[in-house]
Amino acid sequence: MKFDINTITRENVKSLKPYSSARDEFEDFDTAEMIFLDANENPFQNGVNRYPDPQQNSVKALLAKNNKVKSNQILLGNGSDEVLDLLFRAFCEPKIDNIISLPPTYGMYSVLANINAIENREVLLSSDFQPQVDQILDAVDEQTKIIFLCSPNNPTGNSFSDESVVKLLQNFHGLIVIDEAYIDFSKKESWLIEIDEYPNLIITQTLSKAYGLAGIRLGICYGSEAVISVLNKIKPPYNVNELTQQRAISRLNDSDKIKQEIYSIIEQREELIKVLLQVNFIEKVYPTEANFVLIKVDDANKRYKQLIERGIVIRNRTNQPLCENCLRLTIGTKEENAVLIKEINSLK
């Protein structure tokens, strides 16, 4: 199907004239000698007395270079949750449109659908946690605007097959959002390499996982220039603060450290899996391409409580579809994992 962004953009967004901030009107942030009297700021310098770059150009330049995309194909948000919320607000008409999500998956898709008064049509993953493409396409109607794919998926840890994703991209007239929060821990290549091939493809990533910057809240959206232009119309003018931008730039310039940490997490993940496979009350260890592992146990509520009592906090996912008696374990440091292994082996 041919994708036309005008057919899925909300009418009020099409006609919207975005707010123009002082820093939007004067865009030259490298002019150190200029006297800024345009934005009603406190003039006394302390590092954060000025408003931040509303377009985060320095951060985008680094991301564009690292990922071989254009800066105008990037939108940054206050965490991935803001990015996802902007997608709802730009393309989904409240009480009319719908989206499709694939449980078990990241819970914010459903939460944001409810907040924005959008129907969330859930199509369960298969027993091996893959998209049931024919069922998804059967659930689509003229009001379906977005399909959310989390790959590697949370909480299952697996990636979706290329064949499934391509079939959806080629047969759905709306947006396909691939949430790649955990892509850095996978052997699979990011779908970013296809960003110019499919105008309906949107990819979200984050600095919270592999980059170790969960505390600064920086989410990333990659898409066509047309999609990003629509999102820029409705984003708050200063949605990414100055401290976040500075910290992101510092971390993105430390690629060797990032690679070292990712390698360590993957190495520890494989060592932990070897041990978990030998624990008698663990019935299954699911394949994972993320920085966590999902396990099926004899009694998830019991085992969760036992670990809490031993000072170890994990995630109980037993109430999620297809995840009965399942626990999700994040990969910690070597020392943390050693404590986890010791305590798991001591459980009766």
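The model is predicted, so local features need pLDDT of at least 70 and side-chain atom pairs count only at pLDDT 80 or more, while totals for chains, interfaces and linings use all residues. Residues are numbered from 1 along each chain as its sequence is written, and side-chain values use heavy atoms, with hydrogens and water left out.

**Exercise 1. Describe how helix α4 packs with helix α10.**

Step 1. Two packed helices are described by the angle between their axes and the distance between the axes. Helices (H or I, at least four residues) and strands (E, at least two) are DSSP runs, numbered from the N terminus. Axes are lines fitted to C-alpha atoms, for helices over the stretch in contact, and angles run from 0 to 180 degrees between N-to-C directions.

Step 2. The axes of α4 (residues 57-67) and α10 (residues 242-252) lie 9 Å apart, at an angle of about 30°. α4 is therefore roughly parallel to α10; angles under 35 degrees count as roughly parallel, over 145 as roughly antiparallel, 65 to 115 as roughly perpendicular and the rest as oblique.

Step 3. The crossing of α4 and α10 is left-handed, meaning that the near helix is turned anticlockwise from the far one by less than a right angle; clockwise would be right-handed.

Step 4. On the α4 side, Ser58, Val59, Leu62, Leu63 and Asn66 meet Gln245, Ala248, Ile249 and Leu252 of α10, where contact means heavy atoms within 4.5 Å. The residues of this contact between α4 and α10 comprise six nonpolar, three polar and no charged. In this classification, Ala, Val, Leu, Ile, Met, Phe, Trp, Tyr, Cys and Pro count as nonpolar, Asp, Glu, Lys and Arg as charged, and the others, Gly among them, as polar.

**Exercise 2. Determine the arrangement of helices α5 and α9.**

Step 1. Helix α5 (residues 79-91) and helix α9 (residues 225-234) have axes that come within 10 Å and cross at roughly 95°. This angle makes α5 roughly perpendicular to α9.

Step 2. From α5, the contact takes Leu86, Leu87, Arg89, Ala90 and Phe91; from α9, it takes Val227, Val230, Leu231 and Ile234. The contact of α5 with α9 has eight nonpolar residues, no polar ones and one charged.

**Exercise 3. Determine the arrangement of helices α11 and α13.**

Step 1. For α11 (residues 255-276) and α13 (residues 334-346), the axes come within 11 Å and the crossing angle is roughly 10°. The two helices α11 and α13 are therefore roughly parallel to each other.

Step 2. By class, the contact of α11 with α13 has six nonpolar, three polar and one charged residues.

**Exercise 4. Is Lys145 buried or exposed, and what does its side chain reach?**

Step 1. Lys145 belongs to strand β4. Its relative accessible area is 9%, so Lys145 is buried; buried means under 20% relative accessible area, exposed over 50%, partly exposed in between (1.4 Å probe, protein chains only).

Step 2. The side chain of Lys145 reaches the backbone oxygen of Phe91 at 3.2 Å. Residues touched by Lys145 include Thr7, Asp97 and Phe172.

**Exercise 5. Examine the cis peptide bonds at Pro104 and Pro155, and the phi of Asn325.**

Step 1. Most residues other than glycine have a negative phi, and most peptide bonds are trans.

Step 2. Pro103 and Pro104 are joined by a cis peptide bond with omega about 0°; Pro104 lies in the loop between β2 (98-101) and α6 (108-115). Asn154 and Pro155 are also joined by a cis peptide bond, with omega about 25°.

Step 3. Asn325 has a positive phi, near 60°. Asn325 sits in the loop between β10 and β11 and is buried, at 19% relative accessible area.

Definitions and conventions
Polar contact = N/O pair within 3.5 Å; in protein donor to acceptor, adjacent residues only side chain to side chain. Lists of a residue's contacts leave out its neighbours within four places in sequence.
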